[in-house]
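Welcome to my notebook. I opened this model for a first look and wrote down what I found as I went.

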Amino acid sequence: KGKCPEDGWDDSTIELFLHELAIMDSNNFLGNCGVGEREGRVVSGLVARRHYRLIHGIGRSGDISAVQPKAAGSSLLNKLTNSVVLDVLKLAGVRTVTSCFVVPMATGMSLTLCFLTLRHKRPKAKYIIWPRIDQKSCFKSMITAGFEPVVIENVLEGDELRTDLEAVEAKIKALGAENILCVHSTTSCFAPRVPDRLEELAVICANYDIPHIVNNAYGVQSSKCMHLIQQGARVGRIDAFVQSLDKNFMVPVGGAIIAGFNESLIQEISKMYPGRASASPSLDVLITLLSLGTSGYKKLLKERKEMFSYLSSELKKLADNHNERLLDTPHNPISLAMSLKNLDETNDAAVTQLGSMLFTRQVSGARVVPCGSVQTVNNYTFKGFMSHANDYPCAYLNAASAIGIKKQDVDIFLKRLDKCLKTFRKEAKQGKSINEIDDANATTEQVED
């Protein structure tokens, strides 16, 4: 039926299935005689086994979704993967999505592919309207495609940074709708920035007949992010939304899903990809989803949501104990932020030093964001880079509850963060500088944890 099975398959069943697909490829025929330049020859047995002898990749030279006659098994793998992934996107909350395909590029380059496809539909366009999110790859995706990003600064509402809808509409009027390639919005993001107001942006795009591309990098794991996309498509215009394979399905980096509500547009985007493509990302996500089944993936989504509540409540307690506070960002369903006002007032370098201490103690993924850092990306200068605003009121620390996180991860993170903050307080009382803080106990603390 081309759907993800409800109950996951065991490893031996999946391997049998993949071997059956592989023997449909001509390079695995017993009597095969290849005289072309691309015959699926692999000299290393280790490499062949790693890929289950599915060597031909996916697509043909002119279309990544096309069937390759001498690689029937790999072509079937590609079709099945796209069908199963579409089923899971619907299950995750975007019920009316009609088409998608797995592309062997990460999110940034996949966004670039979308923009390049729109270029042929809007030849006069040179601008992309982009509500600011301080993440380099989505910014570079527009530059690489040859367009000029028009940065729309966010507005501060309480602790949250939200979409400035009035500024978006004013910029569309000022530049002229025909000169704008699309609006490039974002769902998943680091607090205190929250998902863009997708419904309102979708309505604006529909009213001005401007395409709308959504960066949904790690949003599949969030029912709230997926609901925003579903609602945006219902009330207005969303042309395509792009999500990462590794962040949402726990597979190696290197693939993304481009999806949308107009099948012909998604096919156009897939045809824009030049040449054949690696089958590895499709193979990885198909194996993963066959292993999990819909019940297994739903369980992971439920556990992630529960861990978000737990991380939120425990981080708030820790913040209170250190005279800090958990920033109030109810519209962000994945990421949290804790203020570092006291640390920042002690020493300007303290925030950065805290990040270093956490990393030394093997805490990965937590981000510390100082005030007022300036960074230039492709000749564009961002003030307050990483904080999504020119002048956010305080320094802060980010932590996220992403798919696959365990209670043990949360507990160890909080324990190590607590120790680091206590170290700062102790050393500050003794009048030591940040550079004098002894970090030699990091390894011992990890063993104790």
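My entries below go from the sheet to a helix, then to single residues.

**Ground rules.** I am reading a predicted model, where local features need pLDDT of at least 70 and side-chain atom pairs count only at pLDDT 80 or more, while totals for chains, interfaces and linings use all residues. I count residues from 1 along each chain as its sequence is written, and side-chain values use heavy atoms, with hydrogens and water left out.

**The sheet.** I looked up the strand order first. I found 7 strands in an open sheet, ordered β1-β9-β8-β7-β6-β2-β3, with mixed pairing. For my own reference, helices (H or I, at least four residues) and strands (E, at least two) are DSSP runs numbered from the N terminus, and two strands pair if DSSP finds at least two bridges between them. Because β1 (99-103) and β3 (148-152) stand at the edges with a single partner strand each, one side of each has no neighbour in the sheet. From one strand to the next, the twist averages 20°. I then checked what packs on the sheet: helix α3 (residues 72-92) touches β1, β8 (240-244) and β9 (256-260), and its direction makes about 120° with that of β1. Here angles run from 0 to 180 degrees between N-to-C directions, and axes are lines fitted to C-alpha atoms, for helices over the stretch in contact. Contact means heavy atoms within 4.5 Å.

**Strand pairs.** I noted that β2 (residues 127-131) and β6 (residues 180-186) run parallel, joined by 3 bridges. I128 has C182 in β6 as its bridge partner. β1 and β9, by contrast, pair in the antiparallel sense over 5 bridges, with V102 opposite I257 in β9.

**Is β1 buried or exposed?** I found 5 of its 5 residues buried, so β1 is largely enclosed by the rest of the structure. Buried means under 20% relative accessible area, exposed over 50%, and partly exposed in between (1.4 Å probe, protein chains only). S99, F101 and V103 lie on one side, C100 and V102 on the other, and both faces are covered.

**Helix α13.** In α13 (residues 350-360), I listed A350, V351, Q353, L354, M357 and L358 as buried. They sit on the same side of α13 because they cover an arc of only 160° around the axis, the arc being that of the directions from the helix axis to the C-beta atoms. T352 and F359 are exposed on the other side.

**Q243.** I found Q243 in strand β8, buried at a relative accessible area of 0%. Its side chain makes a polar contact of 2.9 Å with that of N216. (A polar contact is a pair of N or O atoms within 3.5 Å; within protein, one must be able to donate a hydrogen and the other to accept it, and residues adjacent in sequence count only if both atoms are side-chain atoms.) The Q243 side chain also reaches the backbone oxygen of F241 at 3.0 Å.

**Which residues does UniProt list for "binding site"?** The unreviewed entry gives R60, S61, Q68 and R276; such annotations may be inferred rather than shown by experiment. They span 217 residues in sequence, yet no two of their C-alpha atoms are more than 9.7 Å apart, so they gather at one spot. I placed R60 in the loop between α2 (45-50) and α3, partly exposed at 37%. R276 is in the loop between α10 (263-272) and α11 (280-321), and is partly exposed at 27%. Contacts of R276 include R60, S61 and Q68.

Conventions:
Lists of a residue's contacts leave out its neighbours within four places in sequence.
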